[in-house]
Amino acid sequence: MSMLALVDVNNFYVSAERVFNPRLEHVPVVVLSNNDGCVVARSAEARALGVPMGEPWFKLKTLARKHGIVALSSNYALYADMSNRVMSILSEFSPRQEIYSIDECFLDLAGMPGDLADFGQRIRQRIRQWTGVPVSVGIAATKTLAKLANQIAKKHAGYDGICNFETMPTEKLEALFADLEIREIWGIGRKLAAQLQAGGIRTVRQLRDFDITRLRNRFGVVVERTVRELRGESCLDLSDIDSPRQQIVSSRSFGRYVTELAELEEAVSTYMTRAAEKLRRQASVAATVHVSLRTNPHREDLPQYHPGTSLALARASSNTSQLVAAALAGLRSIYRPGYEYQKAFVALAEITPAAIRQGDLFADVHKAALSSDLMSVLDKINLKMGTDTIRPTSNGINQTWLAKTENRSPAYTTNWLELPVVR
């Protein structure tokens, strides 16, 4: 019988920050998007004050002053490292693991001996002890039910962080499903929820018990699959490994408007360097490079220009120098002076596994091998010594165009110069 657990870190970005700054405990905290623009994470205290997700920070300044809301810039190096630590711990609890997102993971519990609620508590205690972040665990027969159970465990203190639908009394489960709105269901978005509600389906129980043929005819196979999952029929398999990305994107808004080509070249080179690293991490190569620029569409008083171009490589590559050179060539072809650029965007497409790359009769095999070895050495050095220990000179030094991170916490776990100090 299928049995799954969904383990989710509570308020992940905020929780990661609190591990190294205990003064943030019980304080309303928000984490802001790139360039300190919008709210992308909230503590429970900030949520209780009515801070909405995605709200621009400048609109919250008055509320923040009134209630002492602490705003932090995104610290993705910290979050990624803390996520890796959590996922590594979880891998010890089950032979099959699917990392669903930076803060969520499915575990296969089929055949696990003993009380699964106790098992879930051991997971929570170990992660808390070894990393300092709190997690909630939802246990059920399908992914959709496990996600729903996790939401219950997270939102209701009475469950002590664990909700197991399989051992919950039928009467209690039925009452719970009759009370839960359909928007709580994984895969039921706002528009779909509105359509279902217009048809009289407002709760999880009503959707689960509705005629499945009528639902399929009206909303398609995705909703049918969701309903079957709510009925305990597993339709979504557990994936042991992440599928390689078919497109890799790197994009950031600038900390200020950029007008000069030299600064745009630094930004595009930096973004492509990051994209190339991601490409090599999944052992792939790319055959197409895309570059685009954007002015601020909300500033109607400024001239608007949103160009983009794609370049096909002679041979698919993962070499940073080659990909950066192509990106810079694309940038120079679309750049026009006289505009105040807000954002640059680079992407890699036509991605294939490096092991089955199309051969080239005229390629220098020895040179290609040296290129691969060089990239391997570069990645190892940067992994050991820190990001950008070695980087292309075209990335620049001062990088005054970088996004605002005025309230970023230190990279406590990934930068030797920013390690926490105990006095």
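## Into the sheet

Strand 1, covering residues 4-9, runs antiparallel to strand 7, and six bridges join the two. (Strands here are DSSP E runs of at least two residues, helices are H or I runs of at least four, both numbered from the N terminus; two strands pair if DSSP finds at least two bridges between them.)

A quick word on what you're looking at: this is a predicted model, where local features need pLDDT of at least 70, side-chain atom pairs count only at pLDDT 80 or more, and totals for chains, interfaces and linings use all residues. Residues are numbered from 1 along each chain as its sequence is written, and side-chain values use heavy atoms, with hydrogens and water left out.

In what order do the strands of the open sheet line up? The order is 5-6-1-7-8, five strands with mixed pairing. Strand 5 and strand 8 sit at the edges, each pairing on one side only. From one strand to the next, the twist averages 15°.

Now for some of the pairings. Strand 7 runs parallel to strand 8 (residues 162-164), with three bridges joining them, and G138 stands opposite C163 of strand 8. To get from strand 7 to strand 8, the chain goes through helix 6 (residues 143-155), and this β-α-β crossover is left-handed. (Right-handed would be a clockwise path from the first strand over the helix to the second, with the strands pointing away from the viewer.) Strand 5 and strand 6 (residues 104-108) are antiparallel, joined by four bridges, and Q97 stands opposite L107 in strand 6.

## Strand 7 and its cover

Helix 5 (residues 116-131) lies across strands 1, 6, 7 and 8, at about 155° to strand 7. Helix 6 also packs on the sheet, where it touches strands 1, 5, 6, 7 and 8, and its direction makes about 140° with that of strand 7. (Touching, or contact, means heavy atoms within 4.5 Å; axes are lines fitted to C-alpha atoms, for helices over the stretch in contact, with angles from 0 to 180 degrees between N-to-C directions.)

## Helix 6 meets helix 11

Helix 6 packs against helix 11 (residues 221-230) at an angle of about 70°, and their axes are 7 Å apart. So helix 6 is roughly perpendicular to helix 11 (the label covers 65 to 115 degrees; under 35 is roughly parallel, over 145 roughly antiparallel, the rest oblique). On the helix 6 side, K143, T144, L145 and L148 take part, meeting T226, E229 and L230 of helix 11.

S94 sits in the loop between helix 4 (76-90) and strand 5 (97-101). With 7% relative accessibility, S94 counts as buried. Its side chain reaches the backbone oxygen of R96 at 2.9 Å, and a polar atom of the S94 side chain lies 2.7 Å from the backbone oxygen of D108. Leaving out residues up to four places away in sequence, S94 touches L107, D108 and M112.

T295 belongs to strand 10 (residues 284-295) and is buried, at 1% relative accessible area. Its side chain makes a polar contact of 3.0 Å with the side chain of Q304, and another polar contact, at 3.2 Å, joins the side chains of T295 and H306. (A polar contact is a pair of N or O atoms within 3.5 Å; within protein one must be able to donate a hydrogen and the other to accept it, and sequence-adjacent residues count only if both atoms are side-chain atoms.) Beyond four places in sequence, the contacts of T295 include P303, Y305 and Y339.

Strand 2 (residues 29-32) and strand 3 (residues 39-42) are antiparallel and joined by three bridges, with V30 partnering R42. They form a hairpin with six residues between them, and N35 in the turn has a positive phi of about 70°.

Helix 1 (residues 12-20) has seven of its nine residues buried, so it is largely enclosed by the rest of the structure. The buried residues are F12, Y13, V14, S15, A16, E17 and R18. What covers them includes strands 1, 2 and 3, helix 2 (44-48), strand 4 (70-73) and helix 4.

Key
Buried means under 20% relative accessible area, exposed over 50%, partly exposed in between (1.4 Å probe, protein chains only).
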